[in-house]
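Please work through each task before reading its solution.

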Amino acid sequence: MQNITALREGVLLLTGILQIGEYVLNSKSVEADDYIQVIENPNEKGNYRHVLKIGFNLNERNVGYRGIEYEEFSDKKIVKYAYKKGSARGGDITPTSKYTDPSKTLNKIMISLNDILKNSNPSYEEFTIFKNIYEYISSNQEKIENEISEKIKSITLEKGESFIITLSLFENENERYMGDFNIIKDRLGKISNEQYFNKYGTTSKGIGICYYCKQKTEVFGFVNTYNSYTVDKIGFVSGGFKQENAWKNYPVCGSCAQKLEQGKKYLRENLSSRFSGFNYFVIPKAVIRDKEDEKEFIKTLEEFEKNKNFSTEKDTRQNLLASERDFLDIMKDSKNFLNYNMLIYKEEQSGSVFRILLYIEDIVPSKVKNILKIKDKIDDIDLFRNLPGKDNSTYDLKFGFDKIRTFFPNNKTEGNFDKSFLEILNNVFTYKKISYKFLLNRMISKIRSAFVNEEYIDALVLQALMSILFIEKLNLFSDKEKGVQKIMIEKTEKNKKYLDFFENESYKDAFDSDYKKAVFLTGVLTEKLLNIQYDERKSKPFYSRLNGLKLDRKLVKRIFSEAVNKLNEYNKNYYKELEYLIGMYMLGEEADKNISNDDISFYFVLGMTLAKHFKEEKKDGEDVEP
């Protein structure tokens, strides 16, 4: 049942991919030869940037070994490399393979050559050429393996980079690659449809209704565009566990299978990116009613194509929403007939298994526009601008989902919170409610851990505040109760900076209760004391009185009282007005019965972080506060 569920979920998203594939075939002048549709890009993820060629000289049908030659991978030569992945246990379909080690890779090439010879007519003109190559490599395999090893030693690779290894032949100094030979083209052409019905030693095809085009025609059973649905094990197929009946579960005709493959390629090249450790696709899906809608759909896809370069830039790959330009900028300007699906996925077993982590359906452009509008408002808040960086530099903190991801990591130390993070991501795009208490608990837990280890926590606290404000302004919190504000305080020159802060339109909703203000200002006062201690003693002994930020009402009162006493002991209590405000706002404690200890801890550490915004002015005869 789990596999059938994966099938249904996968088929749902493939409808949009098929539409894109149709666009590619109709609008992109894709070469129609069957063999070209089958060829894959071995460097689609950017880590196979180097090519080693086992070179031969070709004189009529005679071949002579040249040696191992190197070139940089070229996208323009993808058809020439003619790479098509084969089975994990055997060779690839053509004599072009991803490098693992000299022996294993050369064996894969030999398996491929042998397979091509077995499936080709011996009278074929190129048969003799490939037979001679096969025989030469068989007799000199160890020599060629050693030369490959030596060549690799001479090439500098960046971390994660590798090679593809292929064959090339020189005829009158004109180099011919595997994709230039008809014997290779024919082999690829034969498997163009064969791959969709001939697997696992079984044939699965019949006359039926294609799932996509609804035409009655020959349909195939092994169309598995993203390997999220498999029929290689008993229990994964209905119809009495017979793999040959797989076409009855998911019937797809050859034409639609080709469109799916083209859509998949287009998706990878133009609509894919990364953020916070996740791979994702954006899949436009249009209801096309007339020529104008079709033009608009094509125009939108062309916008994605223009911007495909920025989708691989480091900042964009890591920070969905955080970069100045990403896919969402294009999505927000789309017409109403065009919605988007977002697919977050994980590839396992070297890409042979495609696992859907999250599939978000029908993301409406108007909602994306609102999300980006709120993001811009958050980015403009003065608390997140001109922050101190390295070497006396400053930077602006920009909101992105990476800020939320900070509190939902996946590592051995903290655990795996992928599921919770993806649920928040889904709820933001679908405008579903998010638990404030759950989110705050994760945030304060991470902040406490850093605090106890005496790490720098200001960035963590600001990221937490930024994330809370973002979700708050989207009105998505399900369990965040409004606080109580009854204390009336007249604004004066002495208290103006505090009252103005609480009245700031950008974040006043975060300080919606008198008691939150009291806790926040107690955090401010505590940070002032810690700074004075460090200035006096080069240490902060009061740090130990903060109970590792596991605070409650009782502890906040104790901290406030002890902080005032310490400031008086140092004879540096410049904060009488601040202490008065704390005392006044503390009167609202009883009215705010629902505030949690996580809230108390967060608002206290937020006050410590933002204390720098409340500098006391120097008075005659007094020192300046540190």
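**Exercise 1.** Determine what share of the contacts in the chain with a separation of 6 or more comes from residues 24 or more positions apart.

*Solution.* Contact means heavy atoms within 4.5 Å. Among contacts with a separation of 6 or more, 70% join residues 24 or more positions apart. The model is predicted, so local features need pLDDT of at least 70 and side-chain atom pairs count only at pLDDT 80 or more, while totals for chains, interfaces and linings use all residues. Residues are numbered from 1 along each chain as its sequence is written, and side-chain values use heavy atoms, with hydrogens and water left out. The chain has 626 residues, of which 52% count as buried (under 20% relative accessible area; exposed is over 50% and partly exposed in between, with a 1.4 Å probe and protein chains only). Its secondary structure comprises 22 helices and 18 strands (DSSP runs numbered from the N terminus: H or I of at least four residues for helices, E of at least two for strands).

**Exercise 2.** Describe how helices H17 and H22 cross, and which residues meet.

*Solution.* First, the geometry: the axes of H17 (residues 458-473) and H22 (residues 597-610) come within 10 Å and cross at roughly 120°. Axes are lines fitted to C-alpha atoms, for helices over the stretch in contact, and angles run from 0 to 180 degrees between N-to-C directions. H17 is therefore oblique to H22, since angles under 35 degrees count as roughly parallel, over 145 as roughly antiparallel, 65 to 115 as roughly perpendicular and the rest as oblique.

Next, the residues: Asp 458, Val 461, Leu 462, Ala 464, Leu 465 and Ile 468 of H17 meet Phe 602, Val 605, Leu 606, Thr 609 and Leu 610 of H22. By class, this contact of H17 with H22 has nine nonpolar, one polar and one charged residues (Ala, Val, Leu, Ile, Met, Phe, Trp, Tyr, Cys and Pro are nonpolar; Asp, Glu, Lys and Arg charged; the others, Gly among them, polar).

**Exercise 3.** Classify the aromatic pair of Phe 502 and Phe 520, and locate each ring.

*Solution.* Rings of Phe, Tyr and Trp (its six-membered ring) pair if their centres lie within 6.5 Å; planes under 30 degrees apart count as stacked, over 60 as edge-to-face and the rest as tilted. The whole structure has 38 aromatic pairs. In one of them, the rings of Phe 73 and Tyr 81 have centres 5.2 Å apart and planes at 35°, so this pair is tilted. For Phe 502 and Phe 520, the centres are 5.9 Å apart and the planes at 70°, which is edge-to-face. Phe 502 lies in helix H18 (residues 496-503) and Phe 520 in helix H19 (residues 514-537), so the pair ties together parts 18 residues apart in sequence. Phe 502 is buried at 5% relative accessibility, and Phe 520 is buried at 0%.
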